[in-house]
Amino acid sequence: LEILDSRIHWTDALYAGCRDEKWEWTQGERLSLMGVLSRLDPHCCIEMGSRDEGFLLLMIQYADMVFSVSPQNGLSGKLQHVQNISFIEGQPTEAFSLLLQELNAASIPVDFVLIRFDAVAGQINPVIESLLAAKRNRSTVLMVYGAADPECRRLLDSIEWDRSSGVQFVDLDFVPGAA
């Protein structure tokens, strides 16, 4: 009934606390991410290549801690009031690898990783390789935004997913043509 109430916009009802105007994803992609996060109930999430605040604000509603790894993007200033987001600015490959090492040393499992291909592009394979090589005690869900991009698709197809004993399932069309 709240959604039907004209005082509450439907995006506020679905994505409470998230700034909708900045999001680049479609409604289907957003709902898919929300569904995955709600079922996963993650402790720790990482977004690689953060460009807008929408997904970070969505992730903090489900996770205890969220890390944004990206070359300088200015989001840390916009979201400095949010307690459980940590911003790591640097080259994606090195920053991600070091973050995984630190989280592993602190016995903090990474439950969810979102990689934005449009932001990391040619560095996606080393980032995924470091995730596949990382020691894990729990499952990690990886989503890649931009899998419909032919170059992204080629890079994802070139990864030997079955080489890692931790990989149980790979679906390049979880959200058809998108993530």
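## Salt bridges

The side chains of Arg154 and Glu151 come together in a salt bridge, at 2.6 Å from N to O. The term stands for a side-chain nitrogen of Lys or Arg within 4 Å of a carboxyl oxygen of Asp or Glu. This is a predicted model, so local features need pLDDT of at least 70 and side-chain atom pairs count only at pLDDT 80 or more, while totals for chains, interfaces and linings use all residues. Residues are numbered from 1 along each chain as its sequence is written, and side-chain values use heavy atoms, leaving out hydrogens and water.

Back to that pair: Arg154 and Glu151 sit three residues apart in helix α8, so about one helical turn separates them. Helices (H or I, at least four residues) and strands (E, at least two) are DSSP runs here, numbered from the N terminus. An α-helix has 3.6 residues a turn, so residues three or four places apart point the same way. Arg154 counts as partly exposed at 47% relative accessibility, and Glu151 does too, at 36%. For the cut-offs, buried means under 20% relative accessible area, exposed means over 50%, and partly exposed is in between (1.4 Å probe, protein chains only).

How many salt bridges does the structure hold? There are three. In one of them, Arg116 pairs with Glu47, with 3.7 Å between the closest N and O atoms. That one ties together distant parts of the chain, since Arg116 is in strand β4 and Glu47 in strand β1, 69 residues apart. Both Arg116 and Glu47 are buried. Then there's Arg163 with Glu129, where the closest N and O atoms are 2.5 Å apart. This pair also links distant parts of the chain: Arg163 is in the segment after α8 and Glu129 in helix α7, 34 residues apart. Glu129 is partly exposed, with a relative accessible area of 27%.

## Overall layout

Of its 179 residues, 41% are buried. Take the contacts (heavy atoms within 4.5 Å) with a separation of 6 or more: residues 24 or more positions apart account for 62% of them.

## Cores and helix α7

The largest nonpolar core has 27 residues, and Ile46, Met48, Ile115, Ile124 and Leu156 touch the most other members. A core here is a set of buried Ala, Val, Leu, Ile, Met, Phe, Trp, Tyr and Cys residues joined through side-chain atoms within 4.5 Å. Zoom in on Ile46 and, leaving aside residues up to four places away in sequence, its contacts include Phe67, Val69, Phe96, Leu99 and Leu100. Apart from this core lies another, of 15 residues, with Val36, Phe55, Leu56 and Met143 among them.

Helix α7 is largely enclosed by the rest of the structure, because seven of its ten residues are buried. The buried ones are Ile124, Asn125, Val127, Ile128, Ser130, Leu131 and Leu132. Their cover includes β1, α5, β4, α6, β5 and α8.

## Pockets

The largest pocket holds about 720 Å³ of space. It was found on a 1 Å grid over the protein atoms alone: a pocket is an open set of points where a 1.4 Å probe fits, with protein on both sides within 12 Å along at least five of seven lines, and lining residues have an atom within 4 Å of a point. Grid points are joined across faces, edges and corners, and the volume is the space filled by probe spheres set on the points. Of its 24 lining residues, Thr140, Val141, Leu142, Phe169 and Val170 lie nearest the centre. Strand β5 gives the most to this lining, with four residues. By class, the lining has 16 nonpolar, five polar and three charged residues; Ala, Val, Leu, Ile, Met, Phe, Trp, Tyr, Cys and Pro count as nonpolar, Asp, Glu, Lys and Arg as charged, and the others, Gly among them, as polar.

The second largest pocket holds about 220 Å³. Its lining runs to 14 residues, with Asn104, Ile108, Pro109, Lys135 and Arg136 nearest the centre. Helix α5 supplies the largest share, three residues. Seven of the lining residues are nonpolar, four polar and three charged.

## Positive phi angles

Asp41 isn't a glycine, yet its phi is positive, near 50 degrees. Asp41 sits in the loop between α2 and β1 and counts as exposed at 57% relative accessibility. Ser107, likewise not a glycine, has a positive phi of about 55 degrees. Ser107 is in the loop between α5 and β4, and at 61% relative accessibility it counts as exposed.
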